[in-house]
Amino acid sequence: MIRFRFGLTPLAEVRPWGRRESPVLHWFGLTDGWYAIDLGEHELLRYSERTVRRLRGDGGSPAHPYVDYYVVRLWEDLLALLPAALEPVPEDLADFVACDSSDWCWEDTPEIDAAVGWHSDRELNTGYLRIAPGIRCWRTVAGERDVMNVSWAHPSDPEGEIEFAGPATGRVTVPTSAFVAAVTELDRALLEAMERRIGELEAAGPPPGVELDLEQLRREHRDRAGWLERARRYAYATDWAAVRTGAAALLRSPGEDCG
């Protein structure tokens with residue numbers, strides 16, 4: 001129902017960071033690769049065939065149609081999202097959590113700040129991408145039905161160069177347990193792939209002329225192995241009165257006085 005897929009760039013092809021005269025590698029940079037989200041019948045973060053052809057025509061040669069970036073960004077941002085996403089959303093806030101901010105009635109009040117923050121915490125960060133899609137995750141529980149709602153919206157590129165495959169907007173629900181299992185599987189797969197990568201570097205040493213602190217690389221890897229558990233233990237606490245007040249103010253008709 002939901003799966004976070006990725007592939008790492010072959011180690012020999014990973015480009016170091018920094019200036020040509022002082023290139024460096026680190027855990028983050030070593031996760032260079034691609035990733036996508038399988039969601040029901042859809043593939044999120046997949047470019048259209050037209051966009052893939054354009055990228056190849058610009059001198060690139062992607063062997064895949066997916067977002068090409070550091071896989072750790074997807075991993076980090078999912079873990080940052082997880083505590084808020086797992087907090088069940090009350091029925092009276094269902095419309096607010098599902099909406100976007102284009103028609104909000106903005107004011108500068110603590111309650112509106114609380115509502116905006118609460119709403120934003122359920123957004124998967126994709127702002128580092130060009131023409132970033134909006135992907136939101138929130139949980140609803142009704143009786144025995146416990147699901148994660150995952151919605152997406154692909155903005156249009158004013159220059160007409162970047163477009164994603166599939167519908168421009170959509171929403172799919174999956175069991176909350178399936179969502180957590182998918183995040184857990186991404187965590188396992190990425191850490192295992194990086195364990196192998198670090199082992200290769202420890203055996204062969206860093207590429208010639210590239211600065212790489214292998215001891216720090218290993219320490220960071222051990223630390224990151226605990227990030228998922230810390231995210232799952234984090235208790236996301238909402239000031240429901242403030243969020244409800246702020247949400248009501250934000251959703252007022254545009255014709256009403258916004259302060």
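Predicted model: local features only at pLDDT ≥ 70, side-chain atom pairs only at ≥ 80, totals over all residues.
Reader: Is Thr-238 buried or exposed, and what is its relative accessible area?
Author: Thr-238 sits in the loop between helix 7 (227-233) and helix 8 (240-250). Buried means under 20% relative accessible area. Thr-238 therefore counts as buried, its relative accessible area being 16%.

Reader: Arg-50 forms a salt bridge with Glu-163; how many residues apart are the two?
Author: The closest N and O atoms of Arg-50 and Glu-163 are 3.2 Å apart. Arg-50 belongs to helix 1 (residues 49-57), while Glu-163 is in the loop between strand 7 (145-153) and strand 8 (169-175). The pair thus links distant parts of the chain, and the separation in residues is 113.

Reader: What class of accessibility do Arg-50 and Glu-163 fall into?
Author: Partly exposed lies between the buried limit of 20% and the exposed limit of 50%. Arg-50 has a relative accessibility of 37%, and Glu-163 has a relative accessible area of 31%. Because these values fall between the limits, Arg-50 is partly exposed and Glu-163 is likewise partly exposed.

Reader: Which residue forms a salt bridge with Arg-130?
Author: The closest N and O atoms of the pair are 3.8 Å apart, and the cut-off for a salt bridge is 4 Å. Arg-130 lies in the loop between strand 5 (123-124) and strand 6 (134-142), and its partner in the loop between strand 7 and strand 8, so parts 27 residues apart in sequence are tied together. Arg-130 is partly exposed at 39%. The partner, buried at 11% relative accessible area, is Asp-157.

Reader: Asp-146 and Arg-139 meet in a salt bridge; what is the N to O distance?
Author: Asp-146 is partly exposed, with a relative accessibility of 26%. Arg-139 is buried at 18%. Their side chains meet with an N to O distance of 2.6 Å.

Methods:
Residues numbered from 1 in each chain as written. Heavy atoms only, no water. Helix = DSSP H or I, 4+ residues; strand = E, 2+ residues; numbered from the N terminus. Buried < 20%, exposed > 50% of the residue type's maximum accessible area, 1.4 Å probe, protein only.
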